[in-house]
Amino acid sequence: MVAFRAQHSGRASKIFDWKCTMSSLTVKLGLLAAGLMLSGCMQATTYEATNVGNFKPRDKELLAKVSYAKVPVAEPFRRAIVDYHRKEAPGSIVVDSDNHYLYLVQKDGKAIRYGITVGEEAMAWSGIAKVGSKTEWPPWHPTPGEISRLGVPKFVAPGPDNPMGSRALYLYSGGKDTLFRIHGTNQPEYIGASISSGCIRMTNEDVIDLYDRVGLGTVVVVLEPKHGDSPFNSKMALQGGGNSQMMQ
C-alpha cells in the first residue's frame, strides 16, 4: 500500500510537473506572440546621418564659422526614414506642429521625418501652401511685428549666425506670400520645442537636405493644432487625411 501510494505520488508529481511545464510554455509563447504583434504595430525607424560630403563649399565654409553651440538633436527628433500612413502624395511636405515633425512623403508608405521647432500655438499657422521660392543662405527681413516684439533690426545679412540659417523655403497660398517659411536656425537647442516665432525651423544640416530634395510648387500641408500624429500613436495617421496633389 505504501509502495502503491509512493508510485501514485510519483506519477502525480510527474503529471503536475508536465502541466506546469506546458503552462509555462504557453505563457512564454503568448508573451512572444504579443511582443511580435506589438512590434508589428510600432513604427519602423531608420535614423539617417548627415552626409556633409554633399554640402557646397560655401555651406562648409559658413557652417564652420557659426558661433552658436552645436547642440546634438535629441534622438526622437533626428532625421529618420519612417513608416507613413497618411494620404498625401509622394513629394509633399507635411508639418505636424503638435509633435514637432516635418515629413517629406516618399513612395511605398515611407517618409523622411525631420525634427523641427515651431511657433507657439498663438503664433502658429496651418493650411495648405506651396513652395513659392527658395533661397540659399537667405537674408532676414523681419516683419513689423517681429521688429516690435523682438527688438531686431529691419535687415540681417546672410551668414552663419543669421536666424534664417542656411536655407529658406517661402510658403505661398493663392499666389501670395503667407510670410511663413521653412528655414534653418541658429538655435538648434530648440528643435522639438515651440517658441515665440511662428515659422518652421530645422537644423541647418536638415534644411539643406530638404532643400535639395524639393522643388518650386511642392505642396506643403501644415496640420491644424491637435491634428498631428505621434510616432507612438498612429491613430490619426491610420485615419488618413489630406488630399493634396503634387504640382507639376
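Helices (H or I, at least four residues) and strands (E, at least two) are DSSP runs, numbered from the N terminus. The structure is a predicted model, in which local features need pLDDT of at least 70, side-chain atom pairs count only at pLDDT 80 or more, and totals for chains, interfaces and linings use all residues. Residues are numbered from 1 along each chain as its sequence is written, and side-chain values use heavy atoms, with hydrogens and water left out.

**View 1. Aspartate 108 in the loop between β4 and β5.** The loop that holds aspartate 108 lies between β4 (101-105) and β5 (110-115). Most residues other than glycine have a negative phi. Aspartate 108, which is not a glycine, has a positive phi, near 60 degrees. Its relative accessible area is 76%, and it therefore counts as exposed (over 50%; buried means under 20%, and partly exposed is in between, with a 1.4 Å probe and protein chains only).

**View 2. Tryptophan 137 in the loop between β7 and α3.** Tryptophan 137 is found in the loop between β7 (127-136) and α3 (144-150). Its phi is positive, about 45 degrees, although the residue is not a glycine. Tryptophan 137 is buried, because its relative accessible area is 1%.

**View 3. The largest nonpolar core.** A nonpolar core is a set of buried Ala, Val, Leu, Ile, Met, Phe, Trp, Tyr and Cys residues joined through side-chain atoms within 4.5 Å. The largest one has 21 residues, of which Ile93, Leu102, Ile182 and Leu210 touch the most other members. Two or more residues each come from β3 (93-96), β4, β5, β7, β8 (167-173), α4 (204-213) and β12 (219-222). The largest share, 3 residues, is given by α4. A second, separate core has 13 residues, including Phe77, Ala80, Tyr101 and Ala111.

**View 4. Isoleucine 182 and its contacts.** Contact means heavy atoms within 4.5 Å. Not counting residues up to four places away in sequence, isoleucine 182 touches Ile93, Leu102, Arg167, Ala168, Leu169, Leu171, Ile200, Met202, Leu210 and Val220.

View 5. Two strands pair if DSSP finds at least two bridges between them. The antiparallel strands β7 and β12 are joined by 4 bridges, and 6 bridges join β7 to β8, also running antiparallel. Lysine 130 stands opposite valine 219 in β12, and its bridge partner in β8 is tyrosine 172.

**View 6. Threonine 203 in the loop between β11 and α4.** Threonine 203 is placed in the loop between β11 (200-201) and α4. With a relative accessible area of 8%, threonine 203 is buried. Val73, Thr185 and Ile191 are touched by threonine 203, not counting residues up to four places away in sequence.
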